[in-house]
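Let's take a walk through this structure together. Have the sequence and the 3D view open as you read.

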Amino acid sequence: MNLQNNLRTATGWEIIENSFDPEQLVTTGSNFMIGNGYMGYRGTFEEWGAKEFVACVVTDTWDQAEGSRWSELCNVPNGLFTQLFVDGRMVSAFDGQISNYFRALDMYQGLNQRKMTWQHAKGGSVVLEVEKFASHANHHLLVMNYCFKAQEKGNYRLVTGIDGAVWSINGEHFQSYKSLQEHDLIGLELHTSELNTEIAVVEGIALSGVKPESSKIRKEDKCLLRELEFKLEAGDEITLQKVVSITHSNEMENPIKTAFAEVEEGLKLGYENLKEDHQDHWKRFWERSDIQILGNLEAQVLARFNIYQAYIATPTHDNLPIGARGLSCQVYQGAAFWDQETFNLPMYNYTHPEIAKNLVTYRHDTLPGAKRKAKRLGYYGAFYAWTSGKTGDELFPDYFFSDVLTGRRIRNHFNCWQIHISPDVVYGIWSYYEATLNWDFMLQYGAEVIFEVAQFLVSRVHFKKDKNQFELIRLLGPDEYHENVDNNAYTNYLTKYAMEKACWVFETMKKDDQERLSAILEAMGINETALANWKEIAELIYLPQPDSETKVIEQFDGYFKLEDISPAELRKRLIDPGEYWGWPNGIAVNTQVLKQADVIQLLALLDGFTNDVLTANYDYYEPRTEHGSSLSPSVHALVACKANHHGEAYRYFMESSTIDLYNASKKVMSGGSFLGGIHTAAAGGVWLIIVKGFAGFEVTDNGVKFNPALPQSWDGLEFKLLVKQCLLHISIAKNSITVTSDDDNGQNITVTLPNQTQALRPGESLKG
Ligand code: BGC
């Protein structure tokens with residue numbers, strides 16, 4: 001096994017660090033995170049603060065700090081803050097001698113654990129053991145068990161409470177801090193500076209072991225802290241249990257009242273009961289979502305780590321977006337990009353459709369924002385935000401990067417030219433429908449989104465009379481280094497796809513649900529003549545075709561005429577390593593070097609390309625791709641699987657799955673912006689590589705299809721999928737696959753394996 005960076009695993013369910021590396025605080029804080037989709041709590045130590053990147057990022061708290069360029073989620077005060085002093089010296093991994101060190105993330109139970117023995121040359125020694133979790137039974141709760149054992153006689157002091165001096169990367173979010181106390185509970189009530197959102201953090205403790213000599217509560221700047229003094233003998237033990245509730249006014253009427261009540265209730269229940277409820281939830285989650293990889297422990301832990309990270313980033317409690325860095329920090333504003341539909345949604349479509357439904361419904365909830373954006377830019381219909389928060393209004397600023405050589409701001413057009421986001425949303429809605437056959441959802445929400453996107457595209461295409469075709473000009477495709485291009489293949493093909501889906505949904509509703517169809521069209525201010533436009537565009541949109549000889553699809557008009565150079569050669573032209581490679585003056589702009597999969601992304605998403613087209617395009621674009629985005633490797637793995645490049649597929653699987661765990665992300669800084677944290681799309685991409693890539697899973701009109709190619713170093717692969725309301729158990733061995741339809745399924749499902757097709761009855765298996 002080769003778990004890098006000081007990490008190991010015993011069972012494939014945990015990652016364990018055996019020595020402390022002070023150089024890796026950003027990475028380990030992200031990797032050892034706990035969370036529940038409502039909040040993300042970084043896997044840092046209790047005694048740390050802002051400078052060690054402690055963060056508790058809470059969804060649905062978007063706010064623009066004064067002087068900041070954009071709105072982002074708030075990092076809220078740390079209610080688990082706890083420092084231990086022995087004769088005046090703080091127990092810290094930075095100072096003193098550390099032995100028996102262990103930091104672990106137990107992914108099966110959603111627990112973060114730490115153990116260490118601390119000893120100081122000037123005196124003092126303790127054994128510390130901590131366990132904490134972000135409850136999945138009540139998503140407001142953070143719960144901790146902090147236990148220490150004195151190794152020597154001495155004066156011990158615990159400083160524990162709420163640390164309000166938070167790490168906030170774009171400025172202060174809170175205009176007021178009010179300290180509150182109710183009986184033994186303490187709380188901070190905060191108001192954000194832009195929208196006046198009220199956020200409450202309430203903390204309560206239960207102590208056991210030796211009684212403190214003294215105990216007081218003090219307010220210090222933005223912190224509200226308890227001080228507990230103990231006189232301990234060697235062998236004495238103290239256990240501090242903490243329950244913290246974090247609530248806010250975007251979710252409820254009286255957040256502070258609820259937070260106090262929840263902490264009181266939590267303390268009554270006690271640590272073990274709270275933990276049991278939380279564990280039950282995780283057990284149920286893994287029951288459906290686990291992927292078992294036999295014969296390769298490293299791949300096993302990587303698969304679970306990525307599923308874990310994708311899941312804790314997903315706000316399962318509400319229709320809210322998955323942030324591009326999840327809740328691991330404030331980077332990318334906790335907002336959804338196209339990543340959500342193309343990388344994260346598929347796993348939920350086939351394992352937890354109720355979560356998938358939240359995500360696609362979120363795109364319906366944010367239609368008003370998408371329509372405002374279209375209108376502002378002179379279009380109609382729904383132009384989805386490139387960076388989408390609560391309302392769906394565009395959060396991406398006009399200026400994101402700056403030129404590291406001159407300090408001048410760079411105008412990036414992600415927000416107004418990267419129009420593929422709208423057809424990507426249709427892709428998401430359609431893939432949810434295809435997986436679940438939830439027609440009610442389509443009637444209630446999906447159809448309207450699809451029609452509004454179709455209308456946007458009608459207003460965005462140009463008709464070239466001389467060529468009798470529709471074209472899309474002034475675009476930014478997935479490859480963000482080339483802005484202002486025409487007929488980006490990915491965007492044009494996805495536009496056709498969206499138009500076809502719009503026509504299909506329209507015509508199906510016309511047959512079966514005329515009333516609802518009329519209601520939607522009326523609300524949109526259009527009538528049935530719209531269908532003719534959609535059909536015409538679907539038919540006449542220009543689709544760059546594979547070259548008749550080389551079979552390569554040109555990424556956009558004129559791409560082949562750009563300088564042909566490798567990313568490695570091009571890199572040598574950088575004057576400063578932090579330079580932005582893209583528009584308008586970056587080193588890649590006039591070359592064929594791509595930031596990330598673009599034509600390859602198209603081949604990964606849509607079916608129907610022949611093997612020679614898959615292979616030719618993979619072979620052409622792969623060496624020209626810089627992988628400047630963490631989205632890129634998983635897409636390459638997927639297409640490598642389709643093109644039967646098995647070695648390449650595995651190489652990119654490893655690259656994608658280790659981006660965070662092994663800190664393999666190339667860019668923490670780009671164009672002067674900090675881009676650290678968990679790469680949530682890459683995490684979702686790992687599920688895609690295994691299930692769609694290695695197992696070769698596809699949905700067919702009446703069932704499912706598998707065409708497995710197990711990586712050489714794996715002995716087997718087992719997982720479950722819920723497709724068209726049938727639960728399937730899939731078991732792949734070196735040269736065989738068995739698909740079993742669950743006993744409880746209510747209907748037959750047609751399963752196609754490489755050499756056979758069969759309609760499986762509940763309880764039946766097919767082996768191929
Ligand atoms: C990528 C985009 C992606 C965004 C958020 C950018 O670096 O180029 O494709 O949507 O990151 O993950």
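Predicted model: local features only at pLDDT ≥ 70, side-chain atom pairs only at ≥ 80, totals over all residues.

Residues are numbered from 1 along each chain as its sequence is written, and side-chain values use heavy atoms, with hydrogens and water left out.

Let's begin with charge. Side chains of opposite charge can pair when their charged atoms come close. Here a salt bridge is a side-chain nitrogen of Lys or Arg within 4 Å of a carboxyl oxygen of Asp or Glu, and searching the whole structure turns up 35 salt bridges.

Take Glu 46 and Arg 114, whose side chains form one of these at 2.5 Å, N to O. Glu 46 sits in the loop between strand E4 (39-41) and strand E5 (56-58), whereas Arg 114 belongs to strand E11 (residues 111-119), so this pair links distant parts of the chain, 68 residues apart. Helices (H or I, at least four residues) and strands (E, at least two) are DSSP runs, numbered from the N terminus. How exposed are the two partners? Buried means under 20% relative accessible area, exposed means over 50%, and partly exposed is in between (1.4 Å probe, protein chains only). Glu 341 and Arg 363 meet through their side chains in a salt bridge of 2.9 Å, N to O. Because Glu 341 lies in helix H5 (residues 339-351) and Arg 363 in helix H6 (residues 353-365), the pair ties together parts that are 22 residues apart in sequence. Both Glu 341 and Arg 363 are buried. Elsewhere, salt bridges with shared partners join Glu 46, Glu 47, Arg 114 and Lys 132 into one network.

Arg 218 and Glu 220 also form a salt bridge, at 2.0 Å, N to O. Arg 218 counts as partly exposed at 24% relative accessibility, and Glu 220 counts as partly exposed at 38%.

On to the strands, where two strands pair if DSSP finds at least two bridges between them. Strand E16 (residues 185-192) pairs with strand E17 (residues 198-209) in the antiparallel sense, over six bridges. Leu 190 has Ile 199 in E17 as its bridge partner. The hairpin of E16 and E17 has five residues between the strands, and Asn 196 takes a positive phi near 60 degrees there. E17 is also joined to strand E20 (residues 237-248), running antiparallel, by 11 bridges. Gly 209 has Ile 238 in E20 as its bridge partner.
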